[in-house]
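Subject: Structure handover

Hello,

Here is the structure for your files. My notes on what was found in it follow below.

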Amino acid sequence: MKMRFYEGLHDLHAMLGLLSEGTMAGNGTHYVHRGDLQWWLYYTDTPQEIWQSNIRLWMEGDRLIGWALLSPDQNAFDVYTVPELRGDPCQQEMLAWAVENMPEGVVESYWNEEGDTARIQWLEGNGFTPAKDHYVYFKRSLSGPLPESPLPDGFHFRASLGTEEDARLRSVASLASFGSSKIFDEYWPRTWRFMQSPVYLPKHELFVMSPQGQVAAFCIVWTDDLTKVGHFEPVGTHPDFQRKGLGKSLLLEAMRRLKSEGMTEADVCTNHDNEAAIRLYESVGFQKSKRLLIYRKDH
């Protein structure tokens, strides 16, 4: 196998295809949804030339067999391989490369499925230990009718228009929802850059609009035509509009739209101690599917 640098969107499509292939294999390794990777790469303040330089691809002829993404600002790395390399020395070589090329300090590996003995044995054998915190992965079938959850009077759904005005409106909601420490003028341009990126589809960002024209709640859905799994990332409700059932109505409407695009399942992930998110997801029929562990080491 040969390692090389990331060369452009054709490589991104291959990386996304590998994630879909891995998900379909169901071999005990968790592959993040293809929407996650697109969100990570394009919803960021990191310049494109920097994050591209932090990607490596391993090729066997013309076939992509594995890739690594280093995220030094988050002290984290991700490595994914084709399913048949699970536990293989080739996979271990990719993991070793990723760890060796991280900056000194704490290094973290996320999204490790509990029970993925191949990955966990490698991590623990190379000095990683499990963290107390972890993520919870939820799934929900989209077969059958979805329950109704009407919005309060005066509120309505609409898809993003992908405009600068919508970038500002959504940023007001997300800034408040996620409690960022940034001031608005520093925060909103990232949303606008993301909306101008090649991975953004306005129809896949859904808003609940208030009677005053504010974005009260929002979510982005991501589709996968191979696995038929729709993914939620991100999901948020402005604190001024919480406890009105908007999040529940939003998720159900988004699932109806996913179903209309041919998705048969939906998934979402959250931190294990985010009790509000867990209650919300369970209220619309999501069920806990697995725990995704975090491993750390001093590098």
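To begin with one turn: Lys228 takes a positive phi near 65° in the hairpin of S9 and S10, which has six residues between the strands. The model is predicted, so local features need pLDDT of at least 70 and side-chain atom pairs count only at pLDDT 80 or more, while totals for chains, interfaces and linings use all residues. Residues are numbered from 1 along each chain as its sequence is written, and side-chain values use heavy atoms, with hydrogens and water left out.

Strands S9 and S10 (residues 229-237) run antiparallel and are joined by five bridges; two strands count as paired if DSSP finds at least two bridges between them. Ala217 has Thr237 as its bridge partner in S10. Helices (H or I, at least four residues) and strands (E, at least two) are DSSP runs, numbered from the N terminus.

Strand S8 (residues 205-209) is also antiparallel to S9, again with five bridges. Glu205 lies opposite Ile220 in S9. The S8 and S9 hairpin has five residues between its strands, and Gly213 in the turn has a positive phi of about 85°. Strand S9 (residues 215-222) is largely enclosed by the rest of the structure, because eight of its eight residues are buried. Buried means under 20% relative accessible area, exposed over 50%, and partly exposed in between (1.4 Å probe, protein chains only).

Strand S5 (residues 106-113) has seven of its eight residues buried, so S5 is largely enclosed by the rest of the structure. Strand S4 (residues 76-81) pairs with S5 in the parallel sense over two bridges, and Ala76 has Glu108 as its bridge partner in S5. From S4 the chain passes through helix H4 (residues 89-100) to S5 in a right-handed β-α-β crossover; right-handed means that, with the strands pointing away from the viewer, the path from the first strand over the helix to the second runs clockwise. S5 also runs antiparallel to strand S12 (residues 287-298), with six bridges joining them. There, Val106 stands opposite Asp298.

Now the chain as a whole. The chain has nine helices and twelve strands. Its C-alpha atoms fill a box of roughly 60 × 40 × 40 Å along the principal axes. Buried residues make up 51% of the 299 residues. Of the contacts (heavy atoms within 4.5 Å) between residues at least 6 apart in sequence, 72% join residues at least 24 apart.

Regards
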